[in-house]
Amino acid sequence: MSHTAALALADVAVAAEPTPLAGHRFTQNYAKQPELYAYARFIADKYNLYDRILADTPVSSAVFDAEQQQWLVSTERGDSVTARFVILANGPLTEPKFPTDIAGMDDFAGHTFHTARWDESFDLSGKRVGVIGTGTSAVQTVPRVAEVAEHLTVFQRTPIYCTPKADGAVDPEWHHKLKYEDGWMDKVRDDYW
Ligand SMILES: Cc1cc2nc3c(=O)[nH]c(=O)nc-3n(C[C@H](O)[C@H](O)[C@H](O)COP(=O)(O)OP(=O)(O)OC[C@H]3O[C@@H](n4cnc5c(N)ncnc54)[C@H](O)[C@@H]3O)c2cc1C
């Protein structure tokens with residue numbers, strides 16, 4: 001599962017029980033990656049989705065055949081799939097912006113990587129680290145890097161507006177009492193916000 005897909009699930013996790021009939025409960029308002037990943041697998045198992053998902057398969061074109069009244073969807077792996085309906089869920093933010101106009105970047109001798117392409121093989125412990133930017137990625141990254149880095153410098157161009165994160169454990173008793181009637185999720189969201 002991609003980073004962003006996990007984040008989309010995080011949004012859903014706020015409602016504490018995205019699919020009550022599936023019998024699932026997140027333990028935290030902002031569930032962490034292992035729990036989100038486990039949930040995605042749980043849903044895929046429960047609804048037998050593995051056979052219907054083409055993972056790691058970019059769609060290269062979708063052409064509507066007016067005569068046949070159907071779409072022809074082609075993938076970069078050579079599949080051709082016809083469908084009467086196509087729902088695009090390709091997201092607007094999946095391509096990271098790699099800055100090219102930071103002077104000296106090409107000559108920088110240290111290791112660099114983008115938060116959207118996190119280098120899992122590189123251990124930041126005990127290193128002198130610089131983080132460029134203070135947007136949503138930095139808000140989530142900086143506290144963790146600060147815990148392990150020997151020294152951390154955060155470069156800020158424009159201050160952002162941040163509100164406290166209303167995180168916390170989902171009370172199992174409260175969760176148990178939820179009434180899964182029409183509109184229950186709206187109610188949970190209204191109470192939450
Ligand atoms: C840096 C950053 C930080 C964020 N932080 C948060 C946060 O803390 N909390 C929060 O709630 N939201 C956060 N968001 C927003 C959240 O990630 C998005 O709102 C959410 O992921 C959008 O979900 P989506 O399903 O529409 O698209 P996405 O999650 O972007 O999913 C689109 C999927 O389509 C796939 N795709 C694209 N093109 C093709 C193709 N041609 N063929 C096949 N597949 C394709 C992509 O690989 C991707 O898996 C953040 C976003 C960014 C960029």
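Visitor: Which residue is the bridge partner of Ser74 in β3?

Guide: The partner of Ser74 in β3 is Ser80. Before we go on, please note that this is a predicted model, in which local features need pLDDT of at least 70, side-chain atom pairs count only at pLDDT 80 or more, and totals for chains, interfaces and linings use all residues. Residues are numbered from 1 along each chain as its sequence is written.

Visitor: What makes β2 and β3 a pair?

Guide: Two strands pair if DSSP finds at least two bridges between them. β2 and β3 have 4 bridges, in the antiparallel sense, so they meet that definition. They also form a hairpin with 4 residues between them, and Gly78 in the turn has a positive phi of about 90°.

Visitor: How do you know that β1 and β2 pair?

Guide: The same test applies: β1 and β2, the latter covering residues 70–75, share 6 antiparallel bridges, and at least two are needed.

Visitor: Why are β1 and β3 called edge strands?

Guide: The open sheet has 3 strands in the order β1-β2-β3, with antiparallel pairing. β1 (59–65) and β3 (80–83) each pair on one side only. Neighbouring strands of this sheet are turned by 20° against each other on average, direction ignored (the axes are lines fitted to C-alpha atoms, and angles run from 0 to 180 degrees between N-to-C directions).

Visitor: Why is Asp123 called exposed?

Guide: A residue is buried if 20 or more other C-beta atoms lie within 10 Å of its own, exposed if 12 or fewer, and partly exposed in between, with C-beta atoms placed from the backbone. Asp123 has 9 within 10 Å, so it is exposed. Asp123 sits in the loop between β3 and β4 (128–132).

Visitor: What makes β1 hardly covered?

Guide: Among the 7 residues of β1, the count of buried ones is 0.

Visitor: How do you know that α2 is a helix, and what length is expected for α2?

Guide: Helices are DSSP runs of H or I with at least four residues, strands are runs of E with at least two, and both are numbered from the N terminus. α2 (residues 33–46) has 14 residues. The expected span is 1.5 Å times one less than the number of residues; α2 reaches 20 Å from its first C-alpha to its last, close to the 20 Å expected. Just after α2, Asn48 has a positive phi of about 55°.
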